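Colleague: I'd like to learn how to read the features of a model like this one. Could you walk me through it?

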Amino acid sequence: MKRTDKYFPIFPVLIAYGILLGYGLINPGKWQLVSQLAFYCTLGQAFNLFMGMTGYVDFGYVAFMGIGTYGMAITIYHLGDKGLGFLLILIGFVLAAVFSILLSLAVGAVALRLRGAYFAIATIGVNEGFRFLIEGARIWNGSEGMIFTRHMKKAFGKPAAMAIGTFWADIMMFCIAVLAAVMTLVYMRNKVGYALTALREDEDAAKVMGINVTKYKIIAFITSAALAGLLGATAWALKLQYVYPSDVFEIHYTVEAIIIVLLGGAGTLLGPIVGGLIYGISKYYLSIVLPGFQLLIFAPIIVAIIVLFPEGTVGILKKRVSGTPLQKFII
């Protein structure tokens, strides 16, 4: 394989996001659907970087999104009147990533010492614990949350603040999705990815081979958490322009991330996009056709797909294109 061939799998990802973005621009009436699909694809892409590459399931993942949301909210709330212009958003992203990384280091220092089901159980309470800490200690206004619509208007002007919430936040979400895909591919094609693959297959054997599994788990965990923080800062803080702990620490977002990754194919590069599209489109139309019954119908369908096709949609596609010229594009 040529050196450049290693990065060919990024092209289907870029094409998929380009088509999705183009569809939204051509059909303004469907922009809300496109925005929702972009959110699910980005969520899956960021979550897959840790779960897909290590096999560890982090049930507290939404906590990184929530703390990232607060990073952006605090920046706009306290610095919105300083005349920083769009530098304000850049500072917000930096703070969101820093908050998420610090939280991931605190959680990882304890939870990453555990394996499999023990790791999953240890992370279940992270989001709820952090939510109760914010509410109980009245950190960042506690349960009253932070509403910074006025601060956004003061910082950018009313038309620009509205455009950021209704359009540019979604464009930034696409950028985060592409960044997550690039990071995943770079890891896959370098020492980090090979070490994580060995870890996922047999952690004890990887240790015997001299691989520092703790180091590589932490790298994947922090990267995935930082991307989650950026997603929260964009999809929730910039788009909604308010934040409540009860909204941003809801565990069902983590459950949705797991479903998306398993539907598309854990550990694959294209899987989170395919899973995000399948899940997002199904949820959107079921909520229109059978409002209130979408989860009742969707749950057994998801279980059946996961049981019948444990390798996910892209896993099946990889087998089909094996030995063909398309093989180098699908991983």
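Colleague: Let's begin with handedness. Which hand does the crossing of H2 and H11 have?

Modeller: The two helices, H2 and H11, cross in a left-handed way. Keep in mind as we go that this is a predicted model. H2 covers residues 31–54 and H11 covers residues 213–240; their axes come within 8 Å and cross at roughly 165°. Angles over 145 degrees count as roughly antiparallel, so H2 is roughly antiparallel to H11.

Colleague: Which residues of H2 and H11 meet?

Modeller: On the H2 side, they include Phe-39, Leu-43, Phe-47 and Phe-50. On the H11 side, Phe-221, Leu-227, Leu-231 and Trp-236 are among them. By class, this contact of H2 with H11 has 13 nonpolar, five polar and two charged residues.

Colleague: H8 packs with H11 too. At what angle do H8 and H11 pack?

Modeller: The angle is about 170°, and the axes are 8 Å apart. That makes H8 roughly antiparallel to H11. In H8, the residues that meet H11 include Ile-164, Met-172, Met-173, Ile-176 and Tyr-187. Their partners in H11 include Ile-219, Leu-230, Thr-234 and Leu-238.

Colleague: Now the aromatic rings. How many aromatic pairs does the structure hold?

Modeller: There are 25 aromatic pairs in the structure. A pair of aromatic rings is described by two things, the distance of the centres and the angle of the planes. Take Phe-39 and Tyr-40: the ring centres are 5.6 Å apart and the planes stand at 65°, so this pair is edge-to-face. Phe-39 and Tyr-40 are both buried.

Colleague: Which residues do ring pairs link into a cluster?

Modeller: Phe-47, Phe-50, Tyr-56, Tyr-61, Phe-64, Phe-119 and Phe-221 are linked that way.

Colleague: What do the buried residues of H9 pack against?

Modeller: They pack against H2, H8, helix H10 (203–208) and H11. The buried residues of H9 are Val-192, Gly-193, Ala-195, Leu-196, Ala-198 and Leu-199.

Colleague: Last topic, backbone angles. What is phi of Arg-138 near?

Modeller: Phi of Arg-138 is near 55°, a positive value in a residue other than glycine. Arg-138 sits in the loop between helix H6 (126–136) and strand S1 (146–147), and is partly exposed at 48% relative accessibility. Trp-140 is also placed in the loop between H6 and S1. Phi of Trp-140 is near 50°, again positive in a residue other than glycine. With a relative accessible area of 27%, Trp-140 is partly exposed.

Methods. Residues are numbered from 1 along each chain as its sequence is written. This is a predicted model: local features need pLDDT of at least 70, side-chain atom pairs count only at pLDDT 80 or more; totals for chains, interfaces and linings use all residues. Side-chain values use heavy atoms; hydrogens and water are left out. Axes are lines fitted to C-alpha atoms, for helices over the stretch in contact, and angles run from 0 to 180 degrees between N-to-C directions. Helices (H or I, at least four residues) and strands (E, at least two) are DSSP runs, numbered from the N terminus. Angles under 35 degrees count as roughly parallel, over 145 as roughly antiparallel, 65 to 115 as roughly perpendicular and the rest as oblique. A crossing is left-handed if the near helix is turned anticlockwise from the far one by less than a right angle, and right-handed if clockwise. Contact means heavy atoms within 4.5 Å. Ala, Val, Leu, Ile, Met, Phe, Trp, Tyr, Cys and Pro count as nonpolar, Asp, Glu, Lys and Arg as charged, and the others, Gly among them, as polar. Rings of Phe, Tyr and Trp (its six-membered ring) pair if their centres lie within 6.5 Å; planes under 30 degrees apart count as stacked, over 60 as edge-to-face and the rest as tilted. Buried means under 20% relative accessible area, exposed over 50%, partly exposed in between (1.4 Å probe, protein chains only).
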